[in-house]
Amino acid sequence: AGVIDITYETQGDKVTAVVTCEGKVRSIKIDPEFLAGEGIDMALDAAVAATNSALETADKIVEAEITKVTGGMKIPGM
């Protein structure tokens with residue numbers, strides 16, 4: 001299986017974070033007009049929120065895949 005990218009957009013698609021299911025951040029994009037209009041602090045807050053949401057989604061996907069493979073059995077250390 002290849003690397004799965006999870007994309008999360010916030011602030012009306014003005015801020016986008018892309019992460020992998022391995023918990024790595026691939027990219028963060030901030031619309032220049034959003035940055036100019038809202039300022040760096042708001043843009044960075046939105047980037048953090050988008051990244052955290054993408055990572056949470058990735059964790060849920062990994063959890064669902066593990067449950068599928070294990071049939072719901074709890075395996076120590078996982």
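Strands here, like helices, are DSSP runs numbered from the N terminus, with at least two residues of E for a strand and at least four of H or I for a helix. β1 covers 5-10 and β2 covers 15-20. The two pair in the antiparallel sense over 6 bridges, where pairing takes at least two DSSP bridges between the strands. If you want a spot to look at, threonine 7 stands opposite valine 18 in β2.

Quick word on what we're looking at. This is a predicted model, where local features need pLDDT of at least 70 and side-chain atom pairs count only at pLDDT 80 or more, while totals for chains, interfaces and linings use all residues. Residues are numbered from 1 along each chain as its sequence is written, and side-chain values use heavy atoms, leaving out hydrogens and water.

Back to that loop. Most residues other than glycine have a negative phi. Aspartate 13, in the loop between β1 and β2, also isn't a glycine, yet has a positive phi of about 65°. Buried or exposed? Aspartate 13 is exposed, at 51% relative accessible area, whereas glutamine 11 is partly exposed at 36%. The cut-offs are under 20% for buried, over 50% for exposed and partly exposed in between, with a 1.4 Å probe and protein chains only.

Zooming out, the protein has 2 helices and 3 strands, running β-β-β-α-α from the N terminus. Of its 78 residues, 24% count as buried.

Now, salt bridges. Side chains of opposite charge can pair when their charged atoms come close. The rule is a side-chain nitrogen of Lys or Arg within 4 Å of a carboxyl oxygen of Asp or Glu, and the count comes to 2.

Which residue does arginine 26 pair with? That's aspartate 5, with the closest N and O atoms 2.6 Å apart. Arginine 26 sits in strand β3, residues 25-30, and aspartate 5 in strand β1, so this pair ties together parts 21 residues apart in sequence. Both ends are partly exposed: arginine 26 at 48% and aspartate 5 at 39%.

Then there's lysine 68 with glutamate 65, closest N and O atoms 3.0 Å apart. Both lie in helix α2, residues 40-70, and they're 3 residues apart, about one turn of the helix. Lysine 68 is exposed at 62%, while glutamate 65 is partly exposed at 39%.
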